[in-house]
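Open the model in your viewer and keep the selection panel at hand. The tour below goes from stop to stop.

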Amino acid sequence: MNFDYSKLRGRMTERGFTQAQLADKIGINKATLNVKLNGRYAFATDEILAICKELDIPNDEISKYFFCSRSSEN
């Protein structure tokens, strides 16, 4: 299943993070973050938690940012 990370990308922009900055903060390579945001690989649980910490995403909203399925129109 492909997930839609547009809300996550928007949160990154709101909080002033580039992909490179966020990747550095959570301890992964920028290219790795990029392929995950593009749906080629899944995020690991520890990565999701680290991203939520950096972007101030509450636990009860994690699914809105990481588990929204991509519609067939996208």
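Contact here means heavy atoms within 4.5 Å. Keep in mind that this is a predicted model.

**Stop 1**

Select Ile51. Which residues does Ile51 touch, not counting residues up to four places away in sequence? Show Leu8, Leu22, Ile26, Leu33, Phe43 and Phe66: these are its contacts.

Now widen the view to the largest nonpolar core, which has 19 residues. Ile51 is among the members that touch the most other members, together with Leu8, Leu22, Leu33, Phe43, Leu55 and Phe66. Colour by helix next. Each of α1, α2, α3, α4 and α5 supplies at least two residues of this core. The largest share, four residues, comes from α4.

**Stop 2: the salt bridges**

How many salt bridges does the structure hold? There are two.

Select Glu47 and Lys36. They form a salt bridge, and their closest N and O atoms are 2.5 Å apart. Glu47 sits in helix α4 and Lys36 in helix α3 (residues 30-37), so this pair ties together parts that are 11 residues apart in sequence.

Move on to Asp56 and Arg15. This is a salt bridge too, with 3.5 Å between the closest N and O atoms. Both partners are in loops: Asp56 between α4 (45-55) and α5 (62-66), Arg15 between α1 and α2 (19-26). The pair therefore ties together parts that are 41 residues apart in sequence. Asp56 is partly exposed, with a relative accessible area of 46%. Arg15 counts as partly exposed as well, at 40%.

**Stop 3: Arg11**

Select Arg11, in helix α1 (residues 6-14). Side chains of opposite charge can pair when their charged atoms come close. What is the nearest side chain of opposite charge to Arg11, and how far away is it? Pick Glu14: the distance is 4.3 Å. A salt bridge needs a side-chain nitrogen of Lys or Arg within 4 Å of a carboxyl oxygen of Asp or Glu. Arg11 has no salt bridge, yet is buried.

Finish by showing what surrounds Arg11. Leaving out residues up to four places away in sequence, Arg11 touches Leu55, Asp56, Ile57, Pro58 and Tyr65. Leu55 is one of the core members with the most contacts to other members, and Asp56 is the salt-bridge partner of Arg15.

Terms used. Residues numbered from 1 in each chain as written. Predicted model: local features only at pLDDT ≥ 70, side-chain atom pairs only at ≥ 80, totals over all residues. Heavy atoms only, no water. Buried < 20%, exposed > 50% of the residue type's maximum accessible area, 1.4 Å probe, protein only. Lys, Arg positive; Asp, Glu negative; His and termini not counted. Core = buried A, V, L, I, M, F, W, Y, C linked by side-chain atoms within 4.5 Å.
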